[in-house]
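Here is a short briefing to read alongside the model. Take a look at the structure first, then come back for the details.

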Amino acid sequence: MPAVVTGGLLPAAVLVLDALSGALGANPIQRATQQTGLLSLVLLLLSLACTPLRRWTGWTWPARVRKSLGLLAFGYAALHFLIYLFDHGFAPAQMAEDVLERPFITVGFTALLLLVPLALTSTPRAVRRLGFARWTQLHRLVYVSVWLATLHYYWGVKKDHTPPLIAAGVLALLFLARWWRRPQRHAAWPLPTDRGSASP
Amino acid sequence: MTEPQTPPDHPMPTEEQERRLLAPGNPLNPRREFLRSAALFTVTAGALGGGLELLTRRPGAGSAEAQAADPFARPARPLGPYDTAEAVTPYRQATTYNNFYELGTDKADPARLAGSLKPRPWTVRIDGEVRKPQTVDIDTLQSWFPLEDRIYRMRCVEGWSMVMPWLGFPLAALIRRLEPTSKAKYVQFTALLDPKQLPGQRQPVLDWPYVEGLRLDEALHPLAFMAVGLHGRVLPGQNGAPLRLAVPWKYGFKSIKSIVRITLTEKQPQTTWALAAPREYGFYANVNPAVPHPRWSQATERRIGELGRRKTLLFNGYADQVAGLYKGMDLRRFF
């Protein structure tokens with residue numbers, strides 16, 4: 001859906017405009033880091049909302065925008081990481097120390113790494129090459145990644161933990177929604193895997 | 001020459017059919033269809049983009065134009081023995097990027113909400129192990145001492161720093177005037193508790209009121225300073241009006257804002273951040289690049305207004321003056 005991609009890229013454009021006009025405030029790099037990180041998490045949550053939303057409503061459009069949302073989330077996560085690298089002067093030694101010794105950074109970095117294979121296998125060709133069952137299994141990594149990202153967010157806040165807890169709450173609801181309608185899946189919305197195993 | 005063949009399932013529309021298709025009311029009108037898609041596109045893109053902006057964007061006060069116009073950026077007076085010659089943080093940034101959780105947890109909240117904080121009338125209660133306990137009006141208290149300028153580095157525990165031109169008087173002068181008894185070992189400061197003036201206190205983010213403390217010898221050190229002004233003007237609410245502490249060799253949270261009570265005590269005070277997260281924030285909170293915060297490194301910092309980072313200095317660059325206060329102490333344990 002080009003509309004979703006355009007909408008998803010709008011904040012990036014606004015971020016660039018803000019950076020150029022000085023509207024990011026006294027600590028623009030920190031603001032940009034926080035904004036891209038939060039955008040990435042929100043987009044991840046939106047992409048995870050697609051499947052339950054489709055099952056609950058019967059609409060088909062959530063399934064069509066899911067990939068765009070996921071890729072946008074990855075894009076913002078990568079940008080978030082690049083700004084962090086820029087912030088620390090692209091010093092690999094210091095970054096390695098951060099990743100190894102600071103759980104806050106370890107967790108965030110792992111969340112990003114887990115999204116890389118998902119972004120790389122987002123094409124229809126990759127789905128075909130992997131086979132749908134294995135592709136689905138691989139893409140379940142997003143479940144781990146999004147929880148790690150939320151933990152990273154929680155640890156990044158000095159004191160007021162309300163926003164990360166809201167994110168965790170939304171995430172918990174999304175997982176509940178997945179479980180709730182589980183038995184209905186086969187009857188109402190046969191997935192290609194089910195079809196695949198039934199065909200001779 | 002062959003006549004163009006019309007595929008049987010897609011007959012060319014007759015003129016009459018075309019006229020009806022393009023009629024304004026027809027839902028199948030291609031122009032109408034295009035407009036519908038365009039509208040759907042705009043609404044979707046706008047809603048998603050707008051929603052994401054709303055969730056994530058918190059524009060700070062513009063700073064580019066404020067940088068040039070600040071008269072205090074280059075102090076005219078000769079530097080005193082405790083001043084830093086480093087470039088002073090512009091007034092605009094020093095007053096719009098603040099941690100003052102009583103006025104909200106976002107850096108832009110204090111400047112936005114400081115209007116509710118009324119710095120006059122204001123009294124400060126002085127009690128505990130002193131010979132002259134009393135409650136004194138802020139203007140009277142101020143008049144006891146000649147006010148002086150101090151240009152101090154300030155380092156936040158979050159990894160950013162500023163250079164602040166304070167106006168005020170040494171804390172030591174105040175303490176000597178109060179005449180501490182022989183039992184006095186610590187100084188405890190308490191900030192204003194009033195959710196009407198400090199709306200952030202309606203949220204239990206921290207245990208209000210905010211309490212901070214110093215060991216008596218730290219408080220008597222000539223660098224420990226009580227500020228009543230900034231950039232040659234009266235202290236703004238977001239910076240802790242009307243009276244705040246400035247202990248430049250410690251992380252910023254030690255420098256308590258909007259003080260209403262000063263108590264000399266025998267026992268070490270229970271300070272707010274040390275109570276909120278004892279593993280992360282100690283009583284001493286001395287700036288030390290070698291002792292990381294459990295969640296992030298303290299080796300570097302960003303000076304507000306700069307894009308790169310600089311190395312953090314031991315005791316925030318005041319080691320020559322204050323290291324003696326901590327001789328023989330394990331700074332990893334007493335962090």
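At roughly what angle do the axes of helix α2 of chain A and helix α2 of chain B cross? The axes of α2(A), residues 28-57, and α2(B), residues 30-56, cross at roughly 130° and come within 10 Å. That makes α2(A) oblique to α2(B), because angles under 35 degrees count as roughly parallel, over 145 as roughly antiparallel, 65 to 115 as roughly perpendicular and the rest as oblique.

This is a predicted model, where local features need pLDDT of at least 70 and side-chain atom pairs count only at pLDDT 80 or more, while totals for chains, interfaces and linings use all residues. Residues are numbered from 1 along each chain as its sequence is written, chains are lettered from A in the order in which they are written, and side-chain values use heavy atoms, without hydrogens and water.

- On the α2(A) side, the contact (heavy atoms within 4.5 Å) is made by Gln35(A), Leu38(A), Leu39(A), Val42(A), Leu43(A) and Leu46(A).
- On the α2(B) side, Leu48(B), Leu52(B), Leu55(B) and Thr56(B) take part.

**Chain A**
- Chain A has eleven helices and zero strands (DSSP runs of H or I, at least four residues, and of E, at least two).
- Of its 200 residues, 45% count as buried (under 20% relative accessible area, with a 1.4 Å probe and protein chains only).

Conventions
Axes are lines fitted to C-alpha atoms, for helices over the stretch in contact, and angles run from 0 to 180 degrees between N-to-C directions. Buried means under 20% relative accessible area, exposed over 50%, partly exposed in between (1.4 Å probe, protein chains only).
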